[in-house]
Structures are given as structure tokens and as C-alpha cells.
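Thanks for asking me to look this one over with you. Have the viewer open while you read, and turn the chain around as you go.

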Amino acid sequence: MDWNLQLNFSQEIDIEKSLEKAVQARNLMLAGKGPGSEFLGWLELPGQMQTGGLVEKMVNLAGQIRAHSPIFVTIGIGGSYLGAKAALAALVDPVEELAILKGQKQGSVIRFAGHHLDSSDFHDLLSLLDMYDFSVNVISKSGTTTEPAIAFRIIRDLMKVRYGKGYAKRVFATTDAAKGALRTLSDQEGFETFAIPDSIGGRYSVLTPVGLLPLAVAGVDIAAMVQGAVAAQKFLHTVSNRENPAILYAALRNQLYESGHKMELLVSYLAKTSFLAEWWKQLFGESEGKQGKGLWPASVQFTTDLHSLGQWIQDGPRHLFETILNWEEGKALIIPVDDQDLDGLNYLAGEKISFINEKAKEGTRMAHLEGGVPIIDLYPGPLDAFHFGALFYFFEYSCGISAYMLAVNPFDQPGVEAYKKNMFRLLGKP
Ligand code: PA5
């Protein structure tokens, strides 16, 4: 299937100023000559995933896990968690999950652990695990991250008591091919492992087993997701001018940044995509926010947040712009007629809710433009695995270009060490 992503933008943005810079940044990225170029493995990844047999292996394994584990605990944080969480929230049917938990259907429901240090939340998960058979996917590229390591230690203890020595057959580790504490533990205990390539950093790893294994276990069509990413890869690699939406998006955000718009609001009108924004925030925030530079990536969910943050967006400081994700309509719901019409809604009877959502979007767009908020519109297509895969790749590609336009390394995150040093000192880490 072919892929392209339509992009529109409000007229006051003078794109010509940054377009050439974006083209050069893309050339630098594709030539592997920019900073951090040893972490460009994600660029060719989708095509490689399609040919190596890894997708089939994960789908087969997922089938086995779904046959015996109603719960699949995915342990990880940051790039080792957000991609799977984003796609699951958007693509998995919650009614099916309920049927699995009620024993009416075979399959696995994904639960996450190791993405915080909130023991109450973790306690609740452990109580749930008391009620069901489960398997675990522990994901950490470094193999040493504190939050997932703590969660895995506690869950491992629970598994040893519940399943005895055979517990190891229920553990799947996604980590570095050769090094790190998780690799050592996996080799010692005999866990089945999946490798995260050296050349792919955490936040660019969603299309590796980091994201794809939990998604396959949840029943998401990961072959279609990879196909979508391949289609995006082909298009973005081939088109080298403003017809390339990644070049255009990077140029627009850079132009807006240079003209004083220091905050980008990712807007969605579909509630199920709110976690995509969390993945996107990590991708752009960790890639660009360095050396005193970088757009602040924020997100809102409309129309929900129009009733909380709408005032600020309309009337507050003018240093923000919006990037709207215009997904195609999904399942339809019609407003019924009511004989009494006490709520005054009969003028909308017979209309789809999506029609009203569309009008809310149009009205909000007009109001925010009048309020001085520049707008970029992205049209990612229908909410399915293919288009999700393509969008993941599109954002990674745009992010690489954007960071190179700021002359920063898109693939490191030196700033995250500062708090860790303090925390480890306070904890007395040897
Ligand atoms: O983007 C990154 O590299 C980070 O956010 C990591 O994904 C995150 O810190 C988790 O690291 P690890 O997979 O090594 O446990």
C-alpha cells in the first residue's frame, strides 16, 4: 500500500526561510554525517524488519503467550514503554480486553510496570496478578534502569513462588545483544531474548521488538504496522523537496521556533490517541532540548481540554503554535431524536458525533488563528496499525531533521544524568 501524509499550514508562516535548511539537514542525516550518526539504525529498520523473519517469530510467540497468559506485563520506561503504550491505547479494543479478563475469550491484556516509582499503583498491579496467569516482557536497552529493574525484581520473586523453576519460560527479555545486567541475568536464567540493535536509541525503538512484541501479544497486526513504516520510509527517502511532509514539518516547526514560538501543542480530537502524544513528547523533547535550545513539546486533547486549557491557548502568552492530528473518522454514533427535546439537541438529531467533532475543530481552528496561534495540520489517515506505523516513522524522520536544524545531536540525552547522580548519591548507591 502507498503512503503519503497531507500537511497544511496557516498562511502567516514564512516557510521559504527554513525550507532550504530542512533539505540540508535531511541530506546530512541521510549521508550519516551529522552528530550521533552511529544511532541512525532506525532509518533503514522498517525494510529490514520486513525481510528478517523477526515479525513472524514475534507473531508466533505472541500466539503461544495468548494461549496461556491472560495478562502480559510489560516492564520498561521512556523509549522502552511509550511506543507500545501509545499504539495499544489507540488500537486495542477495550471490550475484547474485558472478555479476556472474564475468561470469555483467549488472549492477553497488556499491563505496564516499571515506568514510575509509585508503589500504590504497582501494588494494585500485583493484586491483579494474584488473580490471573501471566507472562512478562522486561524491556531495557541499558539493562540497568532503576524503575524497571525494581519492578522486575519484585515480579520475578512473585513468579518464582507461583511457577517454580519453570518461571523462566514465562519471561521474555528485550535488551542489548551482548552487554548489561539484564543480558547477564537472561543468559543465566534462560529467558528468551530479543535484541535491541546498538544503532537504535530508546526513543527511536518502537518498531523493534521493544514496541512490536507487546503489540503482537495484544493482538495488534504488527505486520501491517511494519508495512506502514516501510511505505513511509520509501516515500520519505525518495522525495527530497517540499513535497516530502517530514521536510515540510521540520521546516515549519523550525521557522516558528525562530520567530519566537517556543512551544508546540500536539492536538488530537480523538481520545484514544492521547498516549501517542506522550511518545511524541519524549521523541522531540529528548532529541531537541539541549544546549539551551529546543521547542517545548506539549499536548492537548480536544474537545476535553478546551474546557480546561482553552482559555490559556486563546488568550495567554503568544509563544505557542498547534500541530493538529486530523485522523479519519472511526466507528460512527448517531444522535437520536428526543420527543421532548428538553436538552435542545434535536437540531443535531440524525447527525454523527464525528460531524459535531469536525465542526468543533473548524470553530476552534478559526478562533485560535484569530487569537494569534499558528497552525500546522497533519492528516495521518485512518486509525489503524498501518497508519500508526507510518506515523511513528514519519515523526522519527522529522525529528532527526528538526534536531539537525538546531545543530544538536538528536540521539543522545546527556541532561537526564543530572537528576540520576543526585538520586543515587541520596540513595547511597555504591
Ligand atoms: O530515549 C532513551 O534512550 C531513554 O528515554 C530510554 O528509552 C529510557 O531511559 C529507558 O532506558 P532503557 O531502555 O535503557 O532502560
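Predicted model: local features only at pLDDT ≥ 70, side-chain atom pairs only at ≥ 80, totals over all residues.

1. Start with the overall layout. The chain splits into domain 1 (6-31 + 241-413) and domain 2 (39-220). Notice that domain 1 is written as two stretches of the chain. Taken over C-alpha atoms, the domain centres are 29 Å apart, and the contact draws on 27 residues from domain 1 and 23 residues from domain 2.

2. How big is the area buried between domain 1 and domain 2? It comes to about 2200 Å², and carbon and sulfur atoms supply 67% of that.

3. While you are on charged pairs, the total for the model is 17 salt bridges. One of them joins arginine 203 and glutamate 286, with 3.0 Å from N to O. Another has arginine 242 meeting glutamate 16 at 2.8 Å, N to O. Those two partners are 226 residues apart: arginine 242 is in the loop between α10 (222-238) and α11 (245-258), while glutamate 16 belongs to helix α1 (residues 16-31). Arginine 242 is partly exposed, at 33% relative accessible area.

4. Next, find aspartate 198 and lysine 179, whose side chains form a salt bridge at 4.0 Å, N to O. Aspartate 198 is in the loop between β6 and α9 and lysine 179 in the loop between β5 (171-176) and α8, so this pair ties together parts 19 residues apart in sequence. Lysine 179 is exposed, because its relative accessibility is 52% and the cut-off is over 50%. Asp176 joins in too: Asp176, Lys179 and Asp198 form a network of salt bridges.

5. For a local pair, look at helix α14 (residues 353-370), where glutamate 358 and lysine 361 sit three residues apart, about one turn of the helix. Their side chains make a salt bridge of 3.6 Å, N to O.

6. Now for the rings. The model has 23 aromatic pairs. In one of these, tyrosine 204 and phenylalanine 411 have ring centres 5.0 Å apart and planes at 65 degrees, so they are edge-to-face. The two residues are 207 residues apart, with tyrosine 204 in the loop between β6 (192-196) and α9 (209-217) and phenylalanine 411 in the loop between α15 (385-405) and α16 (417-427). Tyrosine 204 is buried at 1% relative accessibility, and phenylalanine 411 is buried at 6%.

7. Ring pairs also build a cluster, with Trp3, Phe235, Tyr249 and Trp279 among its members. Elsewhere, charges sit over rings: arginine 156 lies over the face of phenylalanine 152, 4.8 Å from the ring centre, and the charged end of arginine 170 is over the ring of tyrosine 163, at 4.1 Å from its centre.

8. Finish with leucine 182 in helix α8 (residues 181-189). Leucine 182 is buried, with 5% relative accessible area. Its contacts include Val138, Phe152 and Thr175.

Methods: Residues numbered from 1 in each chain as written. Heavy atoms only, no water. Phe/Tyr/Trp six-rings, centres within 6.5 Å; stacked < 30°, edge-to-face > 60°. Helix = DSSP H or I, 4+ residues; strand = E, 2+ residues; numbered from the N terminus. Buried < 20%, exposed > 50% of the residue type's maximum accessible area, 1.4 Å probe, protein only. Lys NZ or Arg CZ within 6 Å of the ring centre and 35° of its normal. Domains from an automatic or database assignment. Contact = heavy atoms within 4.5 Å. Buried area = accessible area lost by both parts, 1.4 Å probe. Lists of a residue's contacts leave out its neighbours within four places in sequence.
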